[in-house]
Amino acid sequence: MESFKKWANDNEIKTNGVTIETTQYSGNGLFASSHIKENTCVVEIPENLILTASKVLKTGEQPFLSPIYKYFMTHYELHSEEEVNSIAMEQERLLLCLFLIYYQFFATSSSWTPYMRILPNTDYFKDKHLFFNDFIIKGTCLETSVRAKLSVLRHELDEIKSQGSGWLSDIEWDMYVWADCAFWSRAVGIGESEIAVEANLALVPFFDLANHSLDNSNIRWILTESNNLQLVSTQDIEIDQECCLSYGSKPNQELLFIHGFSIPGNPELSRATIPIARIVDPSYPFDMIKIEWLKTIGAKSFLSLMPQKVSDCDDCFIAEGWLPDSVATVYLIALSEDDDILFSSQGKDDQPILMLNDSHGEVKGLDDLLSRVKRLDLFPVIQTRAAVLFWEAVEQCYSLNVDNDPAKLGYAEHDSAKAFLLEQAHIYRLEEQDILNKARSWLLKMQDELSQNEVVQAYLKAVANQ
């Protein structure tokens with residue numbers, strides 16, 4: 001840390017009343033070394049140290065840049081370094097992650113070495129991050145997101161190693177995952193500034209030592225007219241008090257995914273995401289036609305329950321927080337061939353076409369489906385089936401969450417190094433259980449209410465008499 005402090009001083013990072021200390025919960029942090037008055041600039045980082053993708057390409061050393069340019073020109077079929085520079089905004093994360101990898105693992109003695117040495121290393125993330133410990137969130141809605149992210153990273157790395165040269169071809173899996181963890185846990189959105197013309201995201205040494213506090217943040221960041229970044233106190237800060245930023249109102253799902261921690265009683269609740277596969281019967285050909293149609297129109301493969309209810313809505317599921325596309329998808333699955341309402345045929349390139357028996361012909365998308373299903377005479381029946389399907393999906397997710405809880409399975413007793421991550425994941429897991437449990441109860445209530453509808457009663461009676 002002393003070499004980093006010297007490096008910061010040599011690179012004209014100015015500090016006023018703050019020092020770097022080790023915390024018990026989040027590596028390093030910034031602490032007041034003297035009483036700080038409100039609206040005091042406590043740290044100022046010069047513009048040349050604000051690392052953006054564009055700046056990395058313009059100022060990087062040749063051993064780093066040469067394989068980068070070759071890879072981008074090959075992979076994106078570009079013809080010049082100028083064309084590579086022009087897509088820097090589109091590839092910010094990738095370029096900055098490759099920068100981290102090069103200077104952490106390959107150029108171990110450079111002008112960036114003091115900064116690289118204070119970043120959490122691979123072993124740290126192996127104990128503290130979900131990307132190295134996806135078993136910890138097994139059975140939760142977050143499991144799918146983590147595994148999807150790891151799949152994307154694996155695909156990216158395979159392409160880099162197969163098409164890259166030099167040090168790019170020597171990148172290992174742990175290095176690549178480490179870089180993504182380090183990047184997202186430290187990146188800042190630049191926002192409205194001159195820098196933002198060339199960047200959306202940046203890495204900022206020293207600034208990235210400031211930890212998050214939802215309720216007790218006492219500093220904020222600003223960009224000066226010269227595009228230096230300042231940390232400014234928002235209140236008086238007492239000596240030895242930690243100087244914390246607020247990352248904004250973020251749900252535990254996002255905080256755990258990116259930063260590896262959760263907030264007990266977080267007022268910003270997480271969304272529940274449930275794979276459509278939970279409500280589809282793969283042995284039922286008509287269900288498979290519906291799934292193919294959903295793929296054709298680019299529909300998401302999961303259902304989403306948002307924490308916020310929707311007022312002034314004529315659909316009970318949407319009003320409860322289910323996204324309209326999710327509701328339309330469940331209505332689609334609820335439609336039966338026996339109702340003589342939904343029909344399918346093959347279109348161009350054998351793509352499935354769905355048609356409703358309502359004189360409007362082909363269904364153009366989920367919005368079209370949602371509005372037309374609501375006008376059907378059997379809509380109360382479809383809603384009742386949807387309530388059952390939603391309940392089945394939520395019930396499965398709830399059971400998976402509970403049954404795969406590492407605390408219940410005794411993981412913490414065998415791996416004390418992962419105790420902090422297990423604790424943070426458990427906070428999120430319990431929050432998700434509460435969300436799903438409330439959804440289960442509401443859906444059971446809706447099933448009872450909808451089953452009393454006159455149209456539903458008449459339909460059930462007619463089916464019973466067949």
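This note sets out numbered points on the structure shown above.

1. Basis. The structure is a predicted model, in which local features need pLDDT of at least 70 and side-chain atom pairs count only at pLDDT 80 or more, while totals for chains, interfaces and linings use all residues. Residues are numbered from 1 along each chain as its sequence is written, and side-chain values use heavy atoms, with hydrogens and water left out.

2. Overall features. The chain holds 18 helices and 15 strands; these are DSSP runs, numbered from the N terminus, with helices being H or I of at least four residues and strands E of at least two. Along the principal axes, the C-alpha atoms fill a box of roughly 85 × 55 × 50 Å. Of the 466 residues, 50% are buried (under 20% relative accessible area; exposed is over 50% and partly exposed lies in between, with a 1.4 Å probe and protein chains only).

3. Contacts. Among contacts between residues at least 6 apart in sequence, 67% join residues at least 24 apart. A contact here means heavy atoms within 4.5 Å.

4. Annotated segment. The unreviewed UniProt entry marks residues 94-112 as "transmembrane region"; such annotations may be inferred rather than shown by experiment, and the positions follow the numbering used here, with feature names shortened. In the model, residues 94-112 are 68% helix and 0% strand, and the end C-alpha atoms lie 18 Å apart.

5. Helix α11. This helix (residues 285-296) has 12 residues and should span 16 Å at 1.5 Å a residue, which agrees with the 17 Å between its end C-alpha atoms; the expected span is 1.5 Å times one less than the number of residues. F286, D287, K290, I291, W293 and L294 are buried in α11. They lie on the same side of α11 because they cover an arc of only 160° around the axis, the arc being that of the directions from the helix axis to the C-beta atoms.

6. Surroundings of α11. Its buried residues pack against α13 (324-334), β13 (342-346), β14 (352-356) and α14 (366-373). The exposed residues P285 and K295 are on the face turned away from the buried side. Just after α11, G298 has a positive phi of about 75°.

7. Open sheet. Four strands, in the order β1-β4-β9-β8, form an open sheet with antiparallel pairing. Its edge strands, β1 (14-15) and β8 (219-223), each pair on one side only. Two strands pair if DSSP finds at least two bridges between them. Between β8 and β9 (residues 229-233) there are five bridges in the antiparallel sense, and L223 stands opposite L229 in β9.
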